[in-house]
Amino acid sequence: MELIARGRDADVYALDDTRVLRRYREPRPTEREARLMAYLAECGYPVPRVYGHTATDMVLERLGGPTMLGVLSRRPWQVGRLRRLLGELHDRLHALPAPQWLPTRFSTGRDDRVLHLDLHPDNVILTDRGPMVIDWSNARGGDPAADVAMTLVTIGSAQVPGLPARAGRGLLLRGVRAGTTTDPANHLAQAARAKLTDPNLTPPEAAWLRRRTGTPHQDA
């Protein structure tokens, strides 16, 4: 199989012109992820089709087009359009009630919505049919403000080749906040603390998050 993408938790292989294999390096609740993606598709939210899954593998629709991150790296002048699009994708998702079987995180205690919790530019593929959102392994039910906050701390801390330089990153962050109707302000510190528990963080990413939470270095 041809390796076509490599993420922090999984590798993606081409199976044929219409399908890819997403292989997690450790077992994941792929049954729940597949069930959620089916629910989202029924609600009209843009996700790839799921053809099958095992404890570590998911066979998914192959999507044609660049990631939003790829477009930002090559055409940074499009940051205005793309930041609004990212905000709109949040609003569309948060209009959907969380199914009762979906575990919660950052719950409101009532009226929980579906949260992606990793909705950043590298998880949006810009296809001829419009944007498609991938990688639902972190999804939970909860408060939409926490989802937007997680996107902001992820973009702010990320050490990713191709992400715009500081000025462009600032425009992207402000644009996401302006592009969604949800105010994440009260959840930013909580989201940064939650992001610090990610085992895949690089040292610079962890340092950025600690500065914003006042968390001392673990070796201090």
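**Ground rules.** I number residues from 1 along each chain as its sequence is written. Because the model is predicted, local features need pLDDT of at least 70 and side-chain atom pairs count only at pLDDT 80 or more, while totals for chains, interfaces and linings use all residues, and side-chain values use heavy atoms, with hydrogens and water left out.

**Entry 1: strand E7.** I looked up E7, residues 124-127 (strands, E, are DSSP runs of at least two residues and helices, H or I, of at least four, numbered from the N terminus). Val124 and Leu126 on one side are buried, and so are Ile125 and Thr127 on the other (buried means under 20% relative accessible area with a 1.4 Å probe, protein chains only).

**Entry 2: its partner.** I found that E7 runs antiparallel to strand E8, residues 130-133, with four bridges between them (strands pair if DSSP finds at least two bridges).

**Entry 3: the domain record.** I checked UniProt, where an unreviewed entry lists "domain: Aminoglycoside phosphotransferase" at residues 2-103 and 109-172; such annotations may be inferred rather than shown by experiment, and positions follow the numbering used here, with feature names shortened. In the model, residues 2-103 are 35% helix and 25% strand, and their end C-alpha atoms lie 34 Å apart.

Note on methods
Buried < 20%, exposed > 50% of the residue type's maximum accessible area, 1.4 Å probe, protein only.
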